[in-house]
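Here's a quick tour for anyone meeting this structure for the first time. Have a look at the model, then read on for the highlights.

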Amino acid sequence: MTAAPAPAAGSRELPHPAREDIRLETVLHALSDPMRLRIVRELAADGDELSCSHFDLPVTKSTTTHHFRVLRESGLIRQVYRGTAKMNGLRRADLDDLFPGLLDALLGAAARQAVRLGDG
């Protein structure tokens, strides 16, 4: 697996895996955490970029930052700075190309589970 190029010193660009470096087991691991799955569900429902501050997660700011980093490094999301806001977008096209139907199946299963458990 080739590492994403490191951003230039002083740059606000964040490293992301190239499409061909996204691995199924890394994606599944990232989605195994309920908070990360919640973030991905919200991004998928919105269909656009959302700022980190949009998400009201019941964890500390440092834990939230960790969850976003895991999602970015797995290839599930792309993070970019827009002014002072860090914006997050689901890498749906990349994921659908690499793993056809996987994201929709996982999001559907998560939605059904949320309803079943009363979280939906």
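A residue counts as buried when its relative accessible area is under 20%, as exposed when it is over 50%, and as partly exposed in between, using a 1.4 Å probe and protein chains only. Keep in mind that this is a predicted model, in which local features need pLDDT of at least 70, side-chain atom pairs count only at pLDDT 80 or more, and totals for chains, interfaces and linings use all residues. Residues are numbered from 1 along each chain as its sequence is written, and side-chain values use heavy atoms, with hydrogens and water left out. Helices (H or I, at least four residues) and strands (E, at least two) are DSSP runs, numbered from the N terminus.

**The aromatic pair**

- Rings of Phe, Tyr and Trp (its six-membered ring) pair up if their centres lie within 6.5 Å; planes under 30 degrees apart are called stacked, over 60 edge-to-face, and the rest tilted.
- Searching the whole structure turns up one aromatic pair.
- Phe55 counts as buried because its relative accessibility is 7%, and Phe68 counts as buried because its value is 2%.

- His67 belongs to helix 3, which covers residues 61-74.
- With a relative accessibility of 5%, His67 also counts as buried.
- Its side chain makes a polar contact of 3.1 Å with the side chain of Arg36. (A polar contact is a pair of N or O atoms within 3.5 Å; within protein, one must be able to donate a hydrogen and the other to accept it, and residues adjacent in sequence count only if both atoms are side-chain atoms.)
- Leaving out residues up to four places away in sequence, His67 touches Asp33, Met35, Arg36 and Ile39; contact here means heavy atoms within 4.5 Å.

**Two strand residues**

- Gln79 is found in strand 2, and it counts as buried because its relative accessible area is 3%.
- The side chains of Gln79 and Arg72 are joined by a polar contact of 2.8 Å.
- Not counting residues up to four places away in sequence, Gln79 touches a list of residues that includes Leu14, His16, Cys52 and Phe68.
- Leu90 lies in strand 3.
- Setting aside neighbours within four places in sequence, Leu90 is in contact with Val40, Leu43, Ala44, Leu76, Ile77 and Leu103.
- Leu90 and Leu71 are 19 residues apart in sequence, with 9.4 Å between them in space, C-alpha to C-alpha.

**Cavities**

- On a 1 Å grid over the protein atoms alone, a cavity is a set of points where a 1.4 Å probe fits but cannot get out; a pocket is an open set with protein on both sides within 12 Å along at least five of seven lines; and lining residues have an atom within 4 Å of a point.
- Grid points are joined across faces, edges and corners, and a volume is the space filled by probe spheres set on the points.
- Residues lining the largest cavity include Val27, Leu31, Leu76 and Asp96.
- Helix 5 gives the most to this lining, with three residues.
- The lining of the largest cavity has eight nonpolar residues, no polar ones and one charged. (Ala, Val, Leu, Ile, Met, Phe, Trp, Tyr, Cys and Pro count as nonpolar, Asp, Glu, Lys and Arg as charged, and the others, Gly among them, as polar.)

**Pockets**

- The largest pocket has a volume of about 310 Å³.
- It is lined by 17 residues, and those nearest its centre are Cys52, Lys61, Thr64, Thr65 and Phe68.
- Helix 3 supplies the largest share of that lining, six residues.
- By class, the lining of the largest pocket splits into six nonpolar, seven polar and four charged residues.
- The second largest pocket comes in at about 210 Å³.
- Helix 2 (34-46) and helix 5 each supply at least two residues of the second largest pocket's lining, with the largest share, five residues, coming from helix 2.
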